[in-house]
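Please look through the structure shown below with the sequence beside it.

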Amino acid sequence: MAAQQSSDIVIVGGGIVGSALAYFLLSFDDRKKVTVVERNLSGFEGSTGYAPPGFVGQFNESEVLTRLAIDSVGEYLKVPGGFDHVGGLEVATSAAGLENLKWRLETAKDRGLEAELISAEKAADMAPDLVKDDNVSALYFPSDGTANPPTIASFFRSEARARGAEIIQAEVTEISRSDGRVNGAMTSSGFINAQTVILATGIWARNLCNFDIPFPIIPVAHPYMYGERHETKPYKSPFVRYPEHHVYARDHGSFFGLGSYDHRPLPETPKTSAHGSWVKDFDKTLDRALKLIPGKTNLVPKEKFNGIFSMTPDNMPLVGEIPGTEGLYIAAAVWVTHAAGSAKFLSQMIKGEPIDATVQKALDPSRFMGRDIGSLERESLHCYNSIYSTYEGS
Ligand SMILES: Cc1cc2nc3c(=O)[nH]c(=O)nc-3n(C[C@H](O)[C@H](O)[C@H](O)COP(=O)(O)OP(=O)(O)OC[C@H]3O[C@@H](n4cnc5c(N)ncnc54)[C@H](O)[C@@H]3O)c2cc1C
């Protein structure tokens with residue numbers, strides 16, 4: 001790359017969100033020059049590369065997130081190998097859990113999502129390796145499924161490249177601004193002039209956000225494990241969640257996976273990867289979670305890891321324009337579940353196309369303005385244990 005170049009739009013970060021942004025910004029006959037700057041193009045070292053659960057649960061207490069998830073699934077289905085319609089099961093283990101499922105059933109139906117309350121026996125039949133038959137009930141979402149985030153991000157990248165996007169490997173070190181507007185990005189390979197810059201830097205979002213408003217995008221540790229390999233079963237289990245226990249499990253084909261939010265929230269300071277060090281206490285977390293799995297499955301950790309993703313004080317992403325600097329945008333704390341829908345929404349905003357005001361307000365990056373960052377960080381961490389009440393990813 002030359003020491004100085006120019007682009008109409010620079011996207012910082014080439015995970016699923018940055019790649020989807022390039023794809024949607026260049027859809028149809030758009031002839032803008034779009035450059036994605038990603039510091040490591042040899043793989044996906046951000047959360048996109050360490051999200052093997054890949055669950056896309058479309059129903060969410062937030063109607064905005066439900067819509068973004070439905071939109072995302074529509075896009076992922078166009079990606080070869082990108083999405084598997086295995087369905088999602090939420091298992092209740094108590095009467096209170098069942099009441100919650102009933103509410104979710106009615107609200108999901110109101111939003112046009114197919115859902116069915118099924119017996120504990122039927123749930124155990126659908127996922128015999130992951131669900132015991134002595135639970136109370138379960139809620140089944142047939143249109144949910146599992147996404148393959150690296151496959152989807154690679155698809156968006158190569159489609160964007162085919163439409164003219166330049167995708168370069170470099171580290172962005174600073175966002176350049178003058179007279180209230182952005183004018184480019186300084187990278188490890190030189191300066192790129194641009195009138196529009198989008199930060200899609202995931203758990204590293206705050207590194208470049210030294211602006212005058214708070215950005216409570218808090219990276220946190222999360223345990224996930226794989227069991228031993230087994231003969232591939234003649235059936236594929238739906239993705240299973242135990243909301244009251246903050247636990248989920250998935251069928252990876254020739255092995256099972258399991259993760260849990262049932263531990264003290266742990267903030268992380270990520271280095272250059274979303275793969276963190278294993279936390280000793282996570283062993284106890286996994287032991288507790290494994291008690292929900294039928295004994296005959298003999299699920300024991302063969303491999304376990306700590307994957308890092310972002311939390312926010314309201315469990316909603318930050319997607320939109322950063323106030324005070326014209327032309328500067330952010331799309332961060334976006335789950336795979338909402339990535340394509342969020343990227344499409346932001347690309348419409350940037351192109352000046354009509355956008356939904358409700359979505360804009362809900363995702364507005366300036367919604368925490370005037371708040372103290374310390375308490376926002378605490379609220380974000382607090383949300384980790386209530387992910388199942390507001391966020392319906394894995
Ligand atoms: C263990 C685990 C399980 C998960 N399970 C699910 C799930 O089941 N369902 C779901 O919906 N979501 C899940 N997620 C969350 C999901 O993976 C993330 O929300 C999503 O991948 C974020 O995508 P992104 O593109 O914003 O970020 P990333 O994938 O992190 O991409 C950001 C990119 O920016 C680059 N970058 C950062 N700073 C710079 C810089 N200064 N210069 C150049 N490049 C830079 C990084 O290298 C990185 O590639 C999970 C995450 C983890 C870790």
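Helices (H or I, at least four residues) and strands (E, at least two) are DSSP runs, numbered from the N terminus. The model is a predicted one, in which local features need pLDDT of at least 70 and side-chain atom pairs count only at pLDDT 80 or more, while totals for chains, interfaces and linings use all residues. Residues are numbered from 1 along each chain as its sequence is written, and side-chain values use heavy atoms, with hydrogens and water left out.

Over residues 6-26 the chain is 48% helix and 24% strand, with the end C-alpha atoms 17 Å apart. For these residues, 6-26, an unreviewed UniProt entry lists "transmembrane region"; UniProt positions are given here in the numbering used for the model, feature names are shortened, and annotations may be inferred rather than shown by experiment.

Helix H1 (residues 16-25) packs with helix H5 (residues 149-162) at an angle of about 30 degrees, their axes being 8 Å apart. That angle makes H1 roughly parallel to H5, since angles under 35 degrees count as roughly parallel, over 145 as roughly antiparallel, 65 to 115 as roughly perpendicular and the rest as oblique. Axes here are lines fitted to C-alpha atoms, for helices over the stretch in contact, and angles run from 0 to 180 degrees between N-to-C directions. H1 contributes Ile 16, Ser 19, Ala 20, Ala 22 and Tyr 23 to the contact (heavy atoms within 4.5 Å), and the residues on the H5 side include Pro 149, Ile 152, Phe 155, Phe 156, Arg 157 and Glu 159.

Thr 146 lies in strand E9 (residues 145-147). Its relative accessibility is 6%, so Thr 146 counts as buried (under 20% relative accessible area, with exposed over 50% and partly exposed in between, for a 1.4 Å probe and protein chains only). Leaving aside neighbours within four places in sequence, Thr 146 is in contact with residues including Pro 53, Asp 84, Phe 239 and Arg 250.

Thr 201, in the loop between strand E14 (196-199) and strand E15 (218-226), also counts as buried, at 14% relative accessibility. Beyond neighbours within four places in sequence, Thr 201 is in contact with Val 12, Gly 13 and Leu 208.

Where does Glu 268 lie? Glu 268 is in the loop between strand E18 (256-260) and strand E19 (275-276), and at 21% relative accessibility it counts as partly exposed. Its contacts, leaving aside neighbours within four places in sequence, are with Pro 219, Val 220, Ala 221, Asn 306 and Ile 308.
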